Amino acid sequence: MYRQTTHDITIEVRSVFLEDQSSVEENRFVWAYQVTIRNGGEKTVQLLNRHWRITDAHGHVQEVRGAGVVGEQPVIHPGDSYEYTSGTPLTTPSGIMVGAYEMMDEDGDHFEAAVPAFSLDSPHDRTAVN
């Protein structure tokens, strides 16, 4: 598990390779990732937008920006958490994701909560050691 805390918001991420949705012959590799967002602060917050940087094993970067996550802009009260699962495909057997969520607190102040970089690993990655 990968974890990072910014402005009392802790984000934990776990990734899982989805063999049944992947195809080595077609260079299609798919992962699910589960995100838990915990509000350790004293103010209610809302997740407004997301920004992802997804890098494959060849160094190609895809940026994804959009409103909310999985069609929601969740409100998270102090001491509560929000959890969701999403996924991403790559054309290489490994990669890395990192991102941030734009949050707004109950006073209308905006801030970014960092999502820790997490690896996308599959059993099909053939890393050579010199």
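User: Is Lys43 buried, partly exposed or exposed, and what is its class?

Analyst: This is a predicted model. The relative accessible area of Lys43 is 34%. Buried residues lie under 20% and exposed ones over 50%, so a value of 34% makes Lys43 partly exposed.

User: Which residue in the loop between strand 8 and strand 9 is linked to Lys43?

Analyst: Lys43 lies in the loop between strand 3 and strand 4, and its partner is 64 residues apart from it. The side chains of the two meet in a salt bridge with an N to O distance of 2.6 Å. The partner in the loop between strand 8 and strand 9 is Asp107.

User: How many residues apart in sequence are the parts that Lys43 and Asp105 tie together?

Analyst: Lys43 also forms a salt bridge with Asp105, where the closest N and O atoms are 3.9 Å apart. Asp105 counts as buried at 11% relative accessibility. Lys43 belongs to the loop between strand 3 (29-39) and strand 4, whereas Asp105 belongs to strand 8, so the parts tied together are separated in sequence by 62 residues.

User: How many bridges join strand 8 to strand 9?

Analyst: Strand 8 and strand 9 form a hairpin with four residues between them, and Gly108 in the turn has a positive phi of about 90°. One of the pairings is that of Gly99 with Val115 in strand 9. The two strands run antiparallel, and the number of bridges joining them is ten.

User: Which strand is joined to strand 4 (residues 45-56) by eleven bridges?

Analyst: Asn49 has Glu102 as its bridge partner. The strands run antiparallel, and the one joined to strand 4 covers residues 94-105, namely strand 8.

User: Which strands stand at the edges of the open sheet, and why is one side of each left without a neighbour?

Analyst: The open sheet consists of four strands in the order 1-2-3-7, with antiparallel pairing. A strand at the edge has a single partner strand, so one of its sides is left without a neighbour in the sheet; the two edge strands are strand 1 (2-6) and strand 7 (81-90).

User: Is the ring pair of Tyr82 and Tyr84 stacked, tilted or edge-to-face?

Analyst: Tyr82 counts as buried at 14% relative accessibility, and Tyr84 is buried at 5%. Their ring centres are 6.1 Å apart, with 35° between the planes. Stacked planes are under 30 degrees apart and edge-to-face planes over 60, so at 35° the pair is tilted.

How values were computed. Residues are numbered from 1 along each chain as its sequence is written. This is a predicted model: local features need pLDDT of at least 70, side-chain atom pairs count only at pLDDT 80 or more; totals for chains, interfaces and linings use all residues. Side-chain values use heavy atoms; hydrogens and water are left out. Rings of Phe, Tyr and Trp (its six-membered ring) pair if their centres lie within 6.5 Å; planes under 30 degrees apart count as stacked, over 60 as edge-to-face and the rest as tilted. Buried means under 20% relative accessible area, exposed over 50%, partly exposed in between (1.4 Å probe, protein chains only). Two strands pair if DSSP finds at least two bridges between them. A salt bridge is a side-chain nitrogen of Lys or Arg within 4 Å of a carboxyl oxygen of Asp or Glu.
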